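Notebook open, structure loaded. I want to go through the chains one topic at a time and jot down what I find.

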Amino acid sequence: MDVIISFCTALVALLICLQVTVLLLWIERKGSALIQDRVGANRANLFGGLLPFNLGIVNTMMADPLKLLTKEDIVPAAADRLLHWLAPWVAVFPLFLTFAVVPFGDVIVVGGREINLQAVALSGGILFVLAMVSLGVYGVIVGGWASNSRYAFLGSVRGSAQMISYEIAMGLALVSVVLTYGTLDLQEIARLQGRLMWGVVPAWGVFYQPIAFVLLFIAGIAESKRAPFDLPEAESELVAGFQTEYSGSKMSMFMMSDFIEVAIIAALTTTLFFGGWQVPFLYRDGFHFPGGLTVAIPSLIVTLLQIVSFLVKVFVFCWIQILIRWSLPRLRYDQLMAFGWKKLLPVGLANVAASAVLGLLLEGWTRT
Amino acid sequence: MNPYAALLINAALCGLVATILLFMSRILGRRRPSKVKYEIFETGNPPIGSLRGTRFPVKFYLTAILFIIFDIEIVFMYPWAVAYRELGWFGLAEMAAFMGILAVGLAYIWRVGALEWD
Amino acid sequence: MQAPVNYYLVLAAILFAIGAFGVLLRRNVIVILMSVELMLNAVNVTFVALARKAQSVDGQVIVFFVMTVAAAEVAIGLAIILANFAQRRTVNADEIGLLRW
Amino acid sequence: MDPDVILFWVVAVLSVASALTAVLHRNPVYCALALVMALFQVAVMFVALDAHLIALLQVIVYAGAIVVLFLFVIMLLSLEPDAPPRGRYGMRAASIMIAVVLGVEIGTAALISEPGAPFRVPFDFGSTRMVAQSLFTEHLLPFELTSVLLLVAMIGAVVMARRRA
């Protein structure tokens with residue numbers, strides 16, 4: 001029974017991940033069209049356009065992956081075949097797995113059995129996320145090296161240097177988050193954010209760690225290798241960077257890994273800084289507003305509300321990332337590195353030091 | 001349930017999906033081999049020489065090495081961050097000394113220009 | 001966890017031996033460094049296994065220091081290899097020989 | 001059979017296989033990737049031995065940083081696969097001998113040491129808090145010395161790398 005439940009939560013986590021990715025594909029297409037004041041993808045239709053109406057979102061979501069998956073798979077003759085096959089798998093697998101530790105709801109009780117709406121209740125959740133994100137480098141390095149092509153190679157060297165540089169800023173941001181909550185468990189962190197500050201403001205992480213939020217978000221965008229940090233695949237310079245020699249489903253897997261990273265960053269910011277699945281003032285038995293107003297809600301609806309709130313927050317942050325991607329120009333490589341090492345790193349260190357000192361001071365005050 | 005068993009189930013599931021995706025084009029896509037298609041893409045020119053043997057600026061390597069050092073520093077910070085309330089000012093002083101020494105290193109590499117990209 | 005700690009100690013010994021074998025056999029300095037990493041990891045396993053056996057967390061703390069040493073060693077080792085390669089265009093341990101250039 | 005024992009054998013086979021690949025493969029890139037595999041198995045061993053924090057840090061430090069550096073250097077130097085070893089049969093035989101003797105020696109030492117009865121460890125054994133308490137109180141001095149080591153490594157690497165830059 002335990003195994004079945006665990007399998008189901010794992011499936012849900014994976015499905016959230018896949019669905020968000022596919023939805024992002026659509027949002028990216030239509031969103032970019034919105035930003036650039038054009039119509040965007042509107043041709044995909046069933047039965048050769050015989051239908052009088054456009055099926056819209058479903059169409060794009062179906063047509064794009066289908067098109068990619070049915071393309072010819074090409075492995076260049078000069079490539080290292082085994083590693084060429086391995087790279088997309090390595091790029092996608094750890095990112096899929098990251099979603100397993102993100103809580104998408106509270107612990108619910110069904111038929112006397114506690115079900116944690118988090119596929120893997122790992123006590124070191126934050127470290128797990130960091131570990132999996134750091135494994136993302138391998139897809140880039142191995143893919144570029146195995147292709148044996150100059151563009152791919154340049155892209156992969158650039159990409160991996162960029163990813164590891166911004167990982168430090170990410171790690172520092174996470175350290176300051178851990179300082180605030182005193183735990184590495186993501187579910188625990190989400191739960192702690194259900195409290196209220198001064199009885200009015202929800203105790204979301206962003207109010208405690210605004211700088212860490214900005215750091216994590218920027219580092220995350222850099223980690224996902226999208227504009228303005230899309231140097232590894234800069235179209236105008238490197239064709240497609242490390243994925244130049246890939247086609248069909250392998251190429252789509254690299255694309256997917258970018259989108260999953262966008263979703264991971266959104267999920268991570270949501271969980272760490274914006275209350276995760278928490279809805280302000282919503283408790284297990286319903287809303288308790290600060291004025292004393294109480295609205296009772298059945299627990300099943302509460303759970304649903306929490307899951308929806310998590311997904312909505314995730315989509316908001318995905319959308320912000322897409323807005324950034326379509327608004328800002330690409331950085332130069334020296335600017336990119338200087339930004340990571342000379343701005344984010346010192347700021348991150350200072351933030352850790354400041355939050356540690358402040359935390360201890362505040363605790364001293366509250367104790368006396 | 002043991003979280004690591006759950007992790008194993010998850011890994012199996014994710015691995016399976018990733019593998020299916022990987023072979024999708026082999027199964028669904030058609031194959032029309034031609035010599036040019038299997039060449040390395042160099043904007044239409046036939047590739048000259050081999051990639052193996054060309055080398056890259058040492059800068060990239062320096063980045064990786066600095067990354068390792070700071071990564072280790074961050075690794076030490078996590079246990080401290082979890083327990084820093086119990087460790088109190090003493091723990092903070094320890095960590096401050098640790099960070100201070102590494103900040104000296106950062107200042108040095110900054111001064112020397114190891115962070116400059118031209 | 002019911003598998004006896006001794007099993008893990010033996011496995012660590014085997015890994016250590018494989019690492020030592022690599023150090024002795026290979027001529028490529030980078031691979032030699034990798035083998036050293038493998039040996040360090042085998043030692044880490046031993047530390048952790050004994051920490052569990054002795055029910056003391058000290059063995060786990062030492063792993064931190066081993067990791068740090070490993071990182072520092074790799075950083076410096078590869079820096080030397082790179083500097084040497086720039087001079088002599090080789091990573092073969094036999095041809096490097098002298099540490100002076 | 002006990003799941004823990006099954007886990008042990010799976011990890012044992014995988015780790016030895018990947019360690020051998022890492023040591024023996026002629027292409028350094030494959031060596032590095034096999035090394036990552038072996039280090040993952042070590043992380044699994046840490047989990048099995050109740051070192052949960054260390055296991056995650058193992059992945060972050062080794063797989064996420066150290067082997068990446070190895071791959072970087074291999075790529076930056078664009079190394080060809082090593083030539084097949086020629087001659088030096090004496091050397092090769094000797095290294096096999098030494099390795100086997102070493103393994104047997106340490107292995108027997110481990111085996112004949114006090115048989116490891118399955119211990120009940122405290123519930124939070126290996127938890128982050130516990131490790132942190134030990135690391136930042138008992139092992140204060142080595143911890144501070146670590147920073148000096150890292151500083152030296154940083155400066156040393158920069159000096160070495162800039163020598164020819």
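Before counting anything, I note what counts as an element: helices are DSSP runs (H or I) of at least four residues, strands are E runs of at least two, and both are numbered from the N terminus. I also keep in mind that this is a predicted model.

**Entry 1: chain D on its own**

I started with the element count. Chain D has six helices and zero strands, and along the sequence I read the pattern as α-α-α-α-α-α. How much of chain D counts as buried? I get 45% of its 165 residues. I then looked at contacts in chain D between residues at least 6 apart in sequence, and 54% of these join residues at least 24 apart.

**Entry 2: chain D against chain B**

Next I looked up where chain D touches chain B. I find 37 residues of chain D in contact with 38 residues of chain B. Which elements of chain D give two or more residues to that side? They are helix H3 (52-77), helix H5 (128-138) and H6. H6(D) brings the largest share, 14 residues. By class, I have the chain D side down as 29 nonpolar, four polar and four charged residues.

**Entry 3: H3(C) against H6(D)**

H6(D) came up again when I turned to chain C. Helix H3 of chain C (residues 58-88) packs with helix H6 of chain D (residues 140-162), their axes 9 Å apart and at an angle of about 10°. Angles under 35 degrees count as roughly parallel, so I write H3(C) down as roughly parallel to H6(D). On the chain C side I noted, among others, Phe65(C), Ala72(C), Ile76(C), Ile80(C) and Ala83(C); on the chain D side the residues they meet include Pro142(D), Leu149(D), Ala153(D), Gly156(D) and Met160(D). What classes make up this contact? I have 15 nonpolar, three polar and no charged residues.

**Entry 4: H3(C) against H2(B)**

H3(C) has a contact with chain B as well. The axes of H3(C) and helix H2 of chain B (residues 58-112) come within 10 Å and cross at roughly 170°. Over 145 degrees counts as roughly antiparallel, so that is my label for H2(B) relative to H3(C). From H2(B) I listed Val58(B), Tyr61(B), Ile65(B), Ile68(B), Ile69(B), Ile72(B) and Phe76(B); from H3(C), Phe64(C), Met67(C), Thr68(C), Ala71(C), Ala75(C), Ala79(C) and Leu82(C). The class tally here is 13 nonpolar, one polar and no charged.

I checked for residues of H3(C) that turn up in both lists: Thr68(C), Ala75(C), Ala79(C) and Leu82(C) are among those in contact with H6(D) and also among those in contact with H2(B).

**Entry 5: one residue in chain A**

I picked Met337(A), which sits in helix H12 of chain A (residues 333-367). Is Met337(A) buried or exposed? The cut-off for buried is 20 or more other C-beta atoms within 10 Å, and Met337(A) has 23, so I log it as buried. Leaving out residues up to four places away in sequence, Met337(A) touches Ser165(A) and Trp117(B). I also looked up Ala240(A): it is 97 residues from Met337(A) in sequence and 20 Å away in space, C-alpha to C-alpha.

**Entry 6: a sheet in chain A**

Last, I traced an open sheet of three strands in chain A, with the order E5-E6-E7 and antiparallel pairing. Which strands stand at the edges? E5 (282-283) and E7 (294-296) do, each with a single partner strand, so one side of each is left without a neighbour in the sheet. E6 (residues 286-288) pairs with E7(A) over three bridges, and I find Gly286(A) opposite Ala296(A) of E7(A).

Terms used: Residues numbered from 1 in each chain as written. Chains lettered and ligands numbered in written order. Predicted model: local features only at pLDDT ≥ 70, side-chain atom pairs only at ≥ 80, totals over all residues. Axes fitted to C-alpha atoms, helices over the stretch in contact; angles between N-to-C directions. Parallel < 35°, antiparallel > 145°, perpendicular 65-115°, else oblique. Contact = placed C-beta atoms within 7 Å. Nonpolar A, V, L, I, M, F, W, Y, C, P; charged D, E, K, R; others polar. Buried ≥ 20, exposed ≤ 12 C-beta atoms within 10 Å, placed from the backbone. Pairing = 2+ DSSP bridges.
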